[in-house]
Amino acid sequence: MWVRSTMAYRASFVMMALGNFAVTALDFVGIAIMFTHVDTLGGFTLPEVALLYGTTSTSFGLADLVLGNMDRVGRRVRDGTMDTLLVRPVPVLAQVAADRFALRRLGRVSQGVLLLAWALYRLDVHWTPVTLLLVPMMLISGAVIFGAVFVAGAAFQFRAQDASEVQNAFTYGGTTMLQYPPTVFATELVRGVTFVVPLAFVNWLPALRILGRDDPLGLPGWVDFASPLVALVCCALAGAAWRAGLRGYRSTGS
């Protein structure tokens with residue numbers, strides 16, 4: 001329904017998608033301007049940073065396209081409209097995800113894909129079947145991990161009721177952090193996004209393998225290939241949190 005509504009005004013959709021593309025592209029423009037004054041950032045060149053930016057932007061864009069409206073859960077809990085979703089013969093998670101589905105978010109995805117393609121073209125990497133496989137693995141696993149964070153954040157809103165900004169700190173904030181090399185951050189922060197909220201598996205660890213760089217935490221080499229397993233674990237935990245949130249939901253009574 002929301003897609004048909006969007007495509008009823010095609011010119012508006014194109015302008016909104018282009019606007020989304022331009023706004024997200026400005027983030028990388030800022031990074032490119034930074035490189036006019038320095039040769040490397042944390043030891044990474046511009047094409048290497050572009051690889052990080054392109055992978056995380058594409059993964060996050062896919063998750064945001066499908067589950068970006070999960071931050072509306074808190075509002076629905078507060079105004080009682082969550083009751084409407086509970087009486088329909090459709091999974092509540094699917095209804096929340098589809099609510100006000102914004103096709104214009106494809107602008108972010110396309111921007112990330114184009115930048116990733118440019119980075120792969122500019123990088124001097126010795127490609128092997130293993131490193132080639134890591135690229136789509138990063139994109140898919142990263143999208144699933146971000147999606148799990150969206151769902152877990154929405155589940156937390158059943159309790160907090162007004163915590164969308166807390167959720168955004170881990171989703172939008174997380175993707176901004178992953179656009180930069182791990183070497184520019186404190187070791188404690190890198191550990192936190194590896195072992196606590198495993199955002200490092202979105203692109204940092206697999207990308208280091210592709211670029212032939214050492215892991216700043218000195219983890220075993222097999223960890224670079226653990227993104228799909230981490231994504232599955234995140235999905236299981238987020239699903240359990242979502243079900244617990246629904247079971248603990250109390251209607252406003254209105």
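Me: Does Asn203 count as buried or exposed?
Reply: This is a predicted model, in which local features need pLDDT of at least 70 and side-chain atom pairs count only at pLDDT 80 or more, while totals for chains, interfaces and linings use all residues. Residues are numbered from 1 along each chain as its sequence is written, and side-chain values use heavy atoms, leaving out hydrogens and water. Buried means under 20% relative accessible area, exposed over 50% and partly exposed in between (1.4 Å probe, protein chains only). Asn203 has 0% relative accessibility, so it counts as buried.

Me: Which residue has the backbone oxygen that the side chain of Asn203 reaches?
Reply: Asn203 lies in the loop between helix H10 (187-196) and helix H11 (204-211); helices are DSSP runs (H or I, at least four residues), numbered from the N terminus. Asn203 touches (heavy atoms within 4.5 Å) Leu52, Thr55, Thr56, Met138 and Leu178, leaving aside residues up to four places away in sequence. At 3.2 Å, the side chain of Asn203 reaches the backbone oxygen of Leu178.

Me: How many of the residues of H11 are buried?
Reply: The buried residues of H11 are Trp204, Leu205, Pro206, Ala207, Leu208, Ile210 and Leu211. Their cover includes helix H3 (46-67), helix H8 (129-160), helix H9 (164-178), H10 and H12. H11 is therefore mostly covered under the 20% limit, and its buried residues number seven of eight.

Me: Which residue with a positive phi follows H11?
Reply: H11 spans residues 204-211. After the helix, phi is positive, near 70°, at Gly212.

Me: Which element gives the largest share of the lining of the largest cavity?
Reply: A cavity is a set of points on a 1 Å grid over the protein atoms alone where a 1.4 Å probe fits but cannot get out, and lining residues have an atom within 4 Å of a point. The largest cavity is lined by Pro182, Val190, Thr194, Ala200, Trp204, Leu205, Leu208, Asp215, Pro216 and Leu217. Two or more of these residues come from each of H10 and H11. The largest share, three residues, comes from H11.

Me: How much space lies in the largest cavity?
Reply: The whole structure has one cavity of 30 Å³ or more, and its lining has eight nonpolar, one polar and one charged residues. Nonpolar covers Ala, Val, Leu, Ile, Met, Phe, Trp, Tyr, Cys and Pro; Asp, Glu, Lys and Arg are charged, and the others, Gly among them, polar. Volume is the space filled by probe spheres set on the grid points, which are joined across faces, edges and corners. For the largest cavity it is about 40 Å³.

Me: What is the volume of the largest pocket?
Reply: A pocket is an open set of points with protein on both sides within 12 Å along at least five of seven lines. The lining of the largest pocket divides into 16 nonpolar, two polar and no charged residues, and H8, H9 and H12 each supply at least two of its residues. The volume of the largest pocket is about 400 Å³. Of its 18 lining residues, Ala148, Val149, Ala152, Val196 and Val197 are the closest to the centre, and the volume asked for is about 400 Å³.

Me: How many charged residues does the lining of the second largest pocket have?
Reply: About 200 Å³ of space lies in the second largest pocket, where H1 and helix H2 (10-34) each supply at least two lining residues. Its lining includes Trp2, Tyr9, Phe13, Arg100 and Arg104. By class there are seven nonpolar and three polar residues, and the number of charged ones is two.

Me: What is the phi of Arg100?
Reply: Arg100 belongs to the loop between helix H6 (92-98) and helix H7 (106-122). Its relative accessibility is 44%, so Arg100 counts as partly exposed. Although Arg100 is not a glycine, its phi is positive, at about 55°.

Me: Which residues does Phe195 touch, not counting residues up to four places away in sequence?
Reply: Phe195 lies in helix H10. Its relative accessible area is 56%, so Phe195 is exposed. Beyond four places in sequence, Phe195 touches Leu217 and Leu219.

Note on methods. Polar contact = N/O pair within 3.5 Å; in protein donor to acceptor, adjacent residues only side chain to side chain.
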